[in-house]
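Please look over the sequence and the structure, then read the points below.

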Amino acid sequence: MRIFATACLAGLIVAPDAMAQRRPRDQDEVFAARKSGQVMPLHQIESKIVPKMAGSDYLGPEFDASSGVYRLKFMRSGSVFWLDVDGRTGAIIGRSGN
């Protein structure tokens, strides 16, 4: 029983270290890229793109730090589609989905 308790305690000590080494969250990556001036703030991107999408519901963003691209998710008439937006310029560079 004592060995089992020691093993469990050791697992608790190692677990936080493993958690600290996991991949950064999207919001952490976009914050760092925005802070360094690599990309525009999300609210600027949204204020430029969302009004152009009349008749669509805006569902939210994703960010790809390796490319600096925001992916904005929309739904229109029950179909979901995504717009890829260059984070540096705010230009739409791609569309996928229906």
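The structure, a predicted model, holds one salt bridge. D84 and R71 form that salt bridge through their side chains, with 2.7 Å from N to O. D84 belongs to strand β3 and R71 to strand β2, so the pair ties together parts that lie 13 residues apart in sequence.

**The salt bridge pair**

- Side chains of opposite charge can pair when their charged atoms come close.
- D84 counts as buried, at 16% relative accessibility.
- R71 is partly exposed, and its relative accessible area is 30%.

**The chain as a whole**

- The protein chain has three helices and four strands.
- Read from the N terminus, the order of the elements is α-α-α-β-β-β-β.
- The protein chain has 98 residues, of which 24% count as buried.
- Among contacts in the protein chain with a separation of 6 or more, 33% are between residues 24 or more positions apart.

**Strands β1 and β2**

- Strand β1 covers residues 57-64 and pairs with β2 in the antiparallel sense, over seven bridges.
- Within this pairing, Y58 stands opposite F74 of β2.
- Four residues lie between the strands in the hairpin of β1 and β2, where G68 has a positive phi near 70°.

**Strands β3 and β4**

- Strand β4 covers residues 92-97 and runs antiparallel to β3, to which five bridges join it.
- L83 has R95 in β4 as its bridge partner.
- The hairpin of β3 and β4 has five residues between the strands, and G90 in this hairpin takes a positive phi near 85°.

**The loop residue S77**

- S77 is found in the loop between β2, which covers residues 69-76, and β3.
- Most residues other than glycine have a negative phi.
- S77 is not a glycine, yet its phi is positive, at about 50°.
- The relative accessible area of S77 is 76%, and S77 is therefore exposed.

**The buried residue D86**

- D86 is placed in strand β3, which covers residues 79-86.
- D86 is buried but has no salt bridge.
- Which side chain of opposite charge is nearest to D86? R88 is the nearest, at 4.3 Å, whereas a salt bridge needs the charged atoms to be within 4 Å.
- The side chain of D86 does reach the backbone nitrogen of R88, at 2.7 Å.
- The backbone nitrogen of T89 is also reached by the side chain of D86, at 3.3 Å.
- Apart from its neighbours within four places in sequence, D86 is in contact with I45, G68, A91 and I93.
- One of these contacts, G68, is the residue with a positive phi in the hairpin of β1 and β2.

Conventions:
Residues are numbered from 1 along each chain as its sequence is written. This is a predicted model: local features need pLDDT of at least 70, side-chain atom pairs count only at pLDDT 80 or more; totals for chains, interfaces and linings use all residues. Side-chain values use heavy atoms; hydrogens and water are left out. Helices (H or I, at least four residues) and strands (E, at least two) are DSSP runs, numbered from the N terminus. Buried means under 20% relative accessible area, exposed over 50%, partly exposed in between (1.4 Å probe, protein chains only). Lys and Arg count as positive and Asp and Glu as negative; His and the chain ends are not counted. A polar contact is a pair of N or O atoms within 3.5 Å; within protein, one must be able to donate a hydrogen and the other to accept it, and residues adjacent in sequence count only if both atoms are side-chain atoms. Contact means heavy atoms within 4.5 Å. Two strands pair if DSSP finds at least two bridges between them.
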